[in-house]
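Reader: Can you walk me through this one? I'd like the overall picture before the details.

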Amino acid sequence: MVARRRPSRSREMDVLSFLPLDVESVAEASGRIVIAVDILRATSTIVAALDNGAARVVPVLTPEEALSLFDPMEPSLRLGGEREGLRLEGFHYGNSPSEYTADSVRDATILFTTTNGTRLLRACTGASRILIGCFANLSAVVDAVRSERRDVLIACAGTAGRLTIEDMLFAGACVSRLADGSFDPTDSATTAAVLWESLSNRLVESMASGRHGRTLDGIGLGEDIRLCARIDTTTTVPEVAGNTILKPSRRAGGKTA
Ligand code: MLT
């Protein structure tokens, strides 16, 4: 076997195509800066909720876990998420970014469970940082990664243990933007970039052609595909902190705390 030499001082940039069904912990995340991705729709929705003023999002694995943490006497608590794409019974929100409006989420703590996305977030615990990425914060998340010195893992949730085109397109957009010689891309990172470069001018159509895009369209949520394909509508880059996801606060001089 021929050992592959990495350019000196370069950082590895890898893409996890999907979270396998039987995996509870992503070994590749260990010590790396991770961009967690579930374009349709968990990470797009988390970014929308925090951008619109939610105090925090708490990712949980199951609806039962969310309900066990919910206290109806605590006015800031809300339940959000889906199963089979649809809002769960008794929950305040489903998994559409459009539901998490500024009026309804301001200062709220959202207990959030989705089929694949929140499982991915819980499985990346060994990472040095976990940033929440989606097309809405593409440039901001790329900038955040560029200013770090660690290896990068773009971790895609996929759907039910399979790769999804929308997650790979986003991963490819990140890889393309970070291709400045200081990163050593794995072949899966290069493949994602090739996909992005060939389909970026047909982003909505490409996302809608995928299996999960077709499922969402079939249950009347096709508008979410267009929403989740909007690029650079915010500079908010939420980050996992312990068992919650927060929007980093701004300090004087533009730095984030
Ligand atoms: C998931 O976590 O599987 C998704 O976000 C599903 C969805 O589109 O609601």
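Author: This is a predicted model. For 257 residues, a compact globule would have a radius of gyration near 18 Å, and the protein chain has 17 Å, so the two agree.

Reader: What box do the C-alpha atoms fill along the principal axes?

Author: Roughly 60 × 45 × 35 Å. Of the 257 residues, 46% count as buried.

Reader: How many helices and strands are there in the chain?

Author: The protein chain has 10 helices and 11 strands. Among contacts between residues at least 6 apart in sequence, 77% join residues at least 24 apart.

Reader: Switching to H1. How many of its residues are buried?

Author: Helix H1, residues 42-51, has 10 of its 10 residues buried. Among them are Ala42, Ile46, Val47 and Asp51.

Reader: And what follows H1?

Author: Gly53, with a positive phi near 110°.

Reader: Which residues are around the ligand?

Author: Asp38, Leu40, Arg41, Ala42, Glu82, Gly85, Asn95, Thr114, Thr115, Asn116, Gly117 and Ala157. By class, that shell has three nonpolar, six polar and three charged residues. Ala42 in the shell is also one of the buried residues of H1.

Reader: Now H6 and H7. How do their axes cross?

Author: The axes of H6 (residues 165-178) and H7 (residues 187-199) come within 7 Å and cross at roughly 100°. The two helices are therefore roughly perpendicular to each other.

Reader: Which residues meet there?

Author: On the H6 side they include Met168, Leu169 and Val175, and on the H7 side Leu195, Trp196 and Glu197. The residues of this contact divide into 11 nonpolar, two polar and one charged.

How values were computed. Residues are numbered from 1 along each chain as its sequence is written. This is a predicted model: local features need pLDDT of at least 70, side-chain atom pairs count only at pLDDT 80 or more; totals for chains, interfaces and linings use all residues. Axes are lines fitted to C-alpha atoms, for helices over the stretch in contact, and angles run from 0 to 180 degrees between N-to-C directions. Helices (H or I, at least four residues) and strands (E, at least two) are DSSP runs, numbered from the N terminus. Angles under 35 degrees count as roughly parallel, over 145 as roughly antiparallel, 65 to 115 as roughly perpendicular and the rest as oblique. Two residues are in contact if their C-beta atoms, placed from the backbone, lie within 7 Å. Ala, Val, Leu, Ile, Met, Phe, Trp, Tyr, Cys and Pro count as nonpolar, Asp, Glu, Lys and Arg as charged, and the others, Gly among them, as polar. A residue is near a molecule or strand if its C-beta atom, placed from the backbone, lies within 6 Å of it. A residue is buried if 20 or more other C-beta atoms lie within 10 Å of its own, exposed if 12 or fewer, and partly exposed in between; C-beta atoms are placed from the backbone. The radius of gyration is taken over C-alpha atoms; the globule rule is 2.2 Å times the number of residues to the power 0.38.
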